[in-house]
Amino acid sequence: MRSRTLTLAAVAGAALLATAALPATAAPSRTVSPASAQEGSVSASALLAKVTSCSQISSGKYKTDDETSATVPVCGKNGAVFWKADMDIDCDGQVTAHCNGDADPWFQDDTAFHQSDGKPLRAESLPYVVVPSTSSIWKYTSYGIKGGGVVAVVYNNKVEYAVVGDTGPTQIIGEASYATAKALGIDPDPETGGADSGVTYILFKNSQVSPIESHTAAVSLGDSLAKQFLQNN
């Protein structure tokens with residue numbers, strides 16, 4: 001739910017501080033050991049084979065960061081929409097050990113969609129994806145995408161099922177929760193982590209996990225919808 005704008009000086013300063021804090025034997029890395037190498041029965045390669053070409057449904061294209069050019073379209077398929085982008089880390093929602101105002105300079109204590117008890121989502125433990133807020137570029141609700149909708153996130157030959165959990169800037173795309181990144185082996189640090197490219201987001205139309213905070217339910221429904229996606233495309 002935020003726009004990440006950093007000056008080059010701030011980025012450089014953060015990088016120097018991060019490097020200084022590392023032990024002498026450590027090397028900076030954007031990947032961590034994945035919590036889950038594969039969820040469900042549908043392989044990453046099978047899903048990617050269905051999204052090799054794009055039938056653009058967005059009126060324009062998105063940036064992956066404030067300073068980049070707009071190069072990412074939203075594409076349509078039978079039963080789904082998808083995009084290929086980077087992954088920035090969303091740590092918004094409930095305050096936890098790794099998602100809070102100290103760990104994340106952009107932290108907000110709310111998410112666009114809430115748990116069944118009315119509380120914001122927990123980015124640290126719930127895999128969720130951020131969709132761009134409605135704009136002239138694209139209106140996600142017009143394509144059957146809603147809060148709690150199922151998303152197959154594919155990266156480095158891994159599949160992680162997530163829910164649509166938050167909304168972001170109107171001109172930027174490619175963001176997911178701390179838990180999503182960690183499960184895919186991506187550095188989940190909200191300030192220095194993420195993936196520069198290579199992430200595919202497949203959002204299944206008219207789907208909804210209930211309750212939204214049940215990852216088990218997301219995996220079960222996601223696997224079923226992924227099989228249908230393969231059959232229908």
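Asp223 and Lys227 both belong to helix H4, which spans residues 215–232, and they sit 4 residues apart, or about one turn of the helix. In this predicted model, the side chains of Asp223 and Lys227 meet in a salt bridge, with 3.6 Å from N to O. The structure holds 1 salt bridge.

## Aromatic pairs

The structure holds 4 aromatic pairs. One of them joins Trp83 and Trp138, whose rings are arranged edge-to-face, with 5.9 Å from centre to centre and 75 degrees between the planes. This pair links distant parts of the chain, since Trp83 lies in strand E2 (residues 80–90) and Trp138 lies in the loop between strand E3 (128–132) and strand E4 (150–155), 55 residues apart.

Trp138 also pairs with Tyr143: the ring centres are 6.1 Å apart and the planes stand at 35 degrees, so this pair is tilted. The label follows because planes under 30 degrees apart count as stacked and those over 60 as edge-to-face, with the rest counted as tilted.

## The aromatic cluster and its burial

Trp83, Trp138, Tyr143 and Tyr201 form one aromatic cluster. Within this group, Trp83 and Trp138 are buried, and for Trp138 the relative accessibility is 2%. Tyr143, at 28% relative accessibility, counts as partly exposed.

Methods. Residues are numbered from 1 along each chain as its sequence is written. This is a predicted model: local features need pLDDT of at least 70, side-chain atom pairs count only at pLDDT 80 or more; totals for chains, interfaces and linings use all residues. Side-chain values use heavy atoms; hydrogens and water are left out. Rings of Phe, Tyr and Trp (its six-membered ring) pair if their centres lie within 6.5 Å; planes under 30 degrees apart count as stacked, over 60 as edge-to-face and the rest as tilted. Helices (H or I, at least four residues) and strands (E, at least two) are DSSP runs, numbered from the N terminus. Buried means under 20% relative accessible area, exposed over 50%, partly exposed in between (1.4 Å probe, protein chains only). A salt bridge is a side-chain nitrogen of Lys or Arg within 4 Å of a carboxyl oxygen of Asp or Glu.
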